[in-house]
Amino acid sequence: MAIEVRVPTVLRQHTGGEKTVTGEGATLRELVADLERSHPGLGKALVDDSGSLHRFVNVYVNDEDVRFLGGVETPLEDGDTVSILPAVAGG
Amino acid sequence: MTRAEIAGRLDASRALYDELVAYARSDFPYEVCGLLAIRDGHLERFYPVRNAERSMTAYRMDPESMGPPYLAIDQDDELDLGVFHSHPHTEAFPSATDVAEAAYNPHAVFLICSLQDPDNPVIRVFDIRDGRITERVFYVDGEEAPTGSR
């Protein structure tokens, strides 16, 4: 099973500069754990100690925001594309 | 007006500048936001993004509408990222919240449009790295854009 993961500029320090990496997982939670194993720091940048998505990242599965799908429990299939983007906010 | 150390420049066409001001006015008194594609120090294209907070003092880019343009700019090695938002009632200078949130996009160029003086909108351009603000001189059709008196 291979999931393509698009990594934003701000997190490429965890992937040796690569903008795309591959990972595995039946859910986003499993994929994040897999990414942390192969690219230490990348998984931690997505999910906090309680296992929830950090508020300052947006994660999309096939261009849909996972907050509308199932959060970290969003199921994944072979061939899915997961995109990670930082949140953008201010005041 | 609050000043910052000047470092660098950004160029834009009058048309794009006017587009940004018009967009800032379009949801007054609420803050608006959007993304900019920058090529070789020139603003190339503006992508309005919905402000999910719909607040007069805060913005948070709606993840769904933010996704495609952010991804397109981020994946293109020839483009730099610009983040635009308006300050309907305060000066065109990064707020404490702007500085804190910039930590998640340290590579972005931040453009802020003030409508504090509604007849004299001001857009200023900043880099915010490690909590430190520097300002770029903003040239519109080759002339320095007004920075206002307040």
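1. Let's start with helix α1 of chain A, residues 28–38. In this predicted model, the buried residues there include A:L28, A:R29, A:L31, A:V32 and A:L35. They sit on the same side of α1(A), because the arc they cover around the axis is only 160 degrees.

2. On to the contact between the chains. Chain A puts in 18 residues and chain B 23 residues. On the chain A side, the elements giving two or more residues are β3 (57–61), β5 (81–86) and β6 (89–90). β5(A) supplies the largest share, three residues. By type, the chain A side splits into nine nonpolar, five polar and four charged residues.

3. β6(A) runs antiparallel to β4 of chain B (residues 59–60), with two bridges between them. For A:A89, the bridge partner in β4(B) is B:R60.

4. Last, the core. The largest nonpolar core counts 57 residues, and the ones with the most contacts inside it are A:V82, B:L35, B:F110, B:L111, B:C113 and B:I123. Take B:C113 as a worked case: leaving out residues up to four places away in sequence, B:C113 touches B:L20, B:V21, B:A24, B:S86, B:A92, B:P121, B:V122 and B:I123. One of those neighbours, B:I123, is also on the list of residues with the most contacts inside the core.

Note on methods. Residues numbered from 1 in each chain as written. Chains lettered and ligands numbered in written order. Predicted model: local features only at pLDDT ≥ 70, side-chain atom pairs only at ≥ 80, totals over all residues. Core = buried A, V, L, I, M, F, W, Y, C linked by C-beta atoms within 7 Å. Buried ≥ 20, exposed ≤ 12 C-beta atoms within 10 Å, placed from the backbone. Contact = placed C-beta atoms within 7 Å. Helix = DSSP H or I, 4+ residues; strand = E, 2+ residues; numbered from the N terminus. Nonpolar A, V, L, I, M, F, W, Y, C, P; charged D, E, K, R; others polar. Pairing = 2+ DSSP bridges. Arc of directions from axis to C-beta.
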